[in-house]
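Subject: A structure for you to look at

Hello,

I am passing on the structure we talked about, and my notes follow it. Please open it alongside this email and look at each place as you read.

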Amino acid sequence: MPDPILELDGVGKHFGGVVVLQDVSFHVARGARHALIGPNGAGKTTLFNVISGVFPPDEGTVKLNGRDLAGVPSRRRIAMGMARSFQNIRLMPHLSVVENVMLGQHARQGLLGQLKPVGLLPQARERRAALDLLDAFGLDAYPGQVVANLPYGIRKKIEVVRALMAEPELLLLDEPAAGLNPTETAALRDFLMEVSARGVTLLVVEHDMPFVNSLCEHVTVMNFGRLIYDGTAAGVREDEAVLEAYLGHRRKGATNAA
Amino acid sequence: MSGYLSGVIAILGINVIFAYGIFVTAAAGQLNLGGAGFQAIGAYGAAILSLEFGLGIWAAIAAATVIGGLIGFLIAFPILRTRGVYMVLATFAFAQVVVGIVLNSNYLGGSMGLIMSDYIETGAIIWATLGVILFVFYLMSTPMGLAMRAVHDDEPVADLMGVNNRAVQVAAFALGGAITGLSGALYAYYFGFVEVQYFNALLSIFVLLYVLIGGTQTAWGPLVGAGFFTLIPEALRMGEDWRFLIFGVLIVAMMILRPEGIVTRDAVDRIRARLSPRARDA
Amino acid sequence: MLIVQQVLNGLMLGGIYVAVAVAFTLTIGILNFLNFTIPTLFMLAGMIGWSVSFYGLPFGMSEPLGWIPSLAIGILCAIVASLIVERFTYRYFKAKHGDATEHAIPLVSSLGFLLIFEYMILIAHGSDPRGFHTPFGDLNWRVAGLVISIPQVVGLIVSLAIVAGLSVLLARSKLGRALRATAEKPDTAVLMGVEVNRIVPIVFIMTGLLCGLAGALFAVNYGEVSPFMGEQVGTKAIAGMVLGGLGSVWGAVAGGLIVGLTETFSIYFFGATSAQVTIWGLLLVILLIRPKGLFGHNAIGKGKF
């Protein structure tokens, strides 16, 4: 694969005696819309946590832009071009929408930038940038509101915008469509297409197969902590191992994996 | 200004500064139940620097503030190893040790206290209070203040957003120590003496209550909390014991009515919106 | 011999701390609630006991009563006060927010009740210490050059017996299983058929009982009660609990006894006012080495405020 942005090589992770990830290797191409799917407990979120540095892998390497991330603390990875969202929305409940989004700038601000009284300057560059980004994704209706009071679908999008504020090259999204209704899911798909059009590489953990098929061109499938398929979105429906993982046994002629 | 009024304003100012010192760490998610210890460091620091080393009033107050900050910085490392209730009680233990050391030291006057040779007037306290209020409002408006509130809300996510949680927490402790130390130094110079009995466990509890009941979400909280609980008892004009009893009832009632503090984000937003319709998108 | 005497004195003093420390550790272990009214419950039992033995029941309902019924009424009042706290802190916030341990709310509320109870007593009886006389208050047992106060020995034994009974109750009985399930995962406990709403008041009754008994023992052992005895003993009991580790009954026992010994030896070697530095200094050092206390459960008491 030419010019991968993210390279996983032989990644393994166990908690006590339970092996959660075993010899996981795949690449994510720059600019791709890449899905990571698999049944519950396949180790997808654990893999995300390893990639974003919440905990280190027990074996193997993770490389971002060709640079080994071993020993790089999680808080430094956002400045290296990697941002993520969470399975359960993790916005700061007591901050307003625009403040949450401005938090995405944190990694790019120097010490002097940290001390600028942005909250007292309505026209501050930092605030304008956050408002513009919200505006660009149609979220300009409630910048001053505390996020705890907003609808679920809106908060999901705000979380993605917050990650985008960090100007990442690679965006990790953990089940972005979970809990959304079909209309919201369609809106989210269009939203992520726009994000992708800005040149951001997407790695998406998702259960919703129609959503994955409509968004991603490359799919990686995991089961029981192992990689069982890595290829095109079209090919996944024909793959024997994937069918077995999802349906429990081989069924000749089955065409719909999920 | 009558002597009584000026006395109330001076106490109010000292309490407001004290409360901001505790607020700074609370805003970053750490409850400090050792306020009396940090205040004692400021008060005794100012007293010793003035009495033993002959520093002038403002030099001694500034130096006591720096000492408070340094000790806050140093104690942050062991205290931040603990979490939750353990941390609250570690700060409490720290204050008990500080006060215990003073009590056992003849150099620091032991249980007799120290008598200052200089005084400051209410006016000086008013200026210091305004300075601290402006500083904390400025701090909370910066990305640094935003990071502190992020650490308060969700440490793991703040970390992934690039916030150095440990640095923010240590900075908050150092800053809190400095501001609390300042309140202690002002106390020493205003009352003209320091006595260790004043810096008891109840004082630590009270100042934390000012902050929690005022609200930790905005910089208005400590101002309102300290103001409310300094002025209400004065207004009630009762015996000392009755004041504390009513204070207790108010605390219980306040937690039932406004558990997140008197001043919350929502309340500030609503007031702003009423004052200026355009401020909502700011 | 003097050293042995100090060890004995330290253990006797520690016996009082043990009962209060166990009360603290129960509420934090089972309910995740740092209940600051515990020192005042201890004080209430002693002061109300004294009041009933000195004045009789309020409103002239009786003549001054004997020391046993007086202390029994004191203990009863501590239990009632504990249930009042349950009603207005824990149960109220559970109903309102679904999670009674959200932020520092119940902790702050309990600090309010601490002030209410303490100043009610101060208003009623003033701040002076009061003598509390029992027929055997001065009964000592002299053996091999040691002076052993019999009420204190009885007190220590009663204290340890209650704690032993409590740990058997927690380990073996149906109630104990329900309590441990509530401590582990309150929501799951509800699903498993544990009636959490009925369990919670039981924890507060046990808290009131433990503190009340400790207060009564203190009154008998030291022949004196005061409105400030709660602060003096309660804060040291907290130190004992944290030393031992939150949520561990035997940790609280060890911690309470360690604090008692530290206090006695500190006073013996360094003078009366030194105990504050040694006890809390020891606690800071222990927390530095073991941030969860000596025998603390990994998950208890670390939730954020």
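Predicted model: local features only at pLDDT ≥ 70, side-chain atom pairs only at ≥ 80, totals over all residues.

**Two residues in chain A**

Let's begin with A:Asn65. Is it buried, partly exposed or exposed? Its relative accessibility is 33%, so A:Asn65 counts as partly exposed. You will find A:Asn65 in the loop that links strand 4 (59-64) to strand 5 (67-68) of chain A. Have a look at its backbone too: A:Asn65 is not a glycine, yet its phi is positive, at about 50 degrees.

Now turn to A:Glu175, which also is not a glycine but has a positive phi of about 50 degrees. This residue sits in the loop between strand 7 (170-174) and helix 7 (182-197) of chain A.

**Chain C as a whole**

How many helices and strands does chain C have? There are 11 helices and 4 strands. The radius of gyration of chain C is 19 Å, close to the 19 Å that the globule rule gives for 305 residues, so chain C is as compact as a globular protein of that length. Its C-alpha trace spans about 60 × 55 × 35 Å along the principal axes.

Of the 305 residues in chain C, 54% count as buried. If you take the contacts in chain C between residues at least 6 apart in sequence, 74% of them join residues at least 24 apart.

As for charge, chain C carries 17 positive and 13 negative side chains, with the centres of the two sets 12 Å apart.

**The annotated spans**

An unreviewed UniProt entry gives the annotation "transmembrane region" to several spans of chain C, including residues 12-34 and 199-218. What does the model show there? Residues 12-34 of chain C are 87% helix and 0% strand, and the C-alpha atoms at the two ends are 26 Å apart. Residues 199-218 of chain C are 100% helix and 0% strand, with end C-alpha atoms 29 Å apart.

Enjoy exploring, and send me your questions!

Best wishes

Methods: Residues numbered from 1 in each chain as written. Chains lettered and ligands numbered in written order. Heavy atoms only, no water. Rg over C-alpha atoms; globule rule 2.2 N^0.38 Å. Buried < 20%, exposed > 50% of the residue type's maximum accessible area, 1.4 Å probe, protein only. Contact = heavy atoms within 4.5 Å. Lys, Arg positive; Asp, Glu negative; His and termini not counted. Charge placed at Lys NZ, Arg CZ, Asp CG, Glu CD. UniProt positions renumbered as here; feature names shortened; annotations may be inferred.
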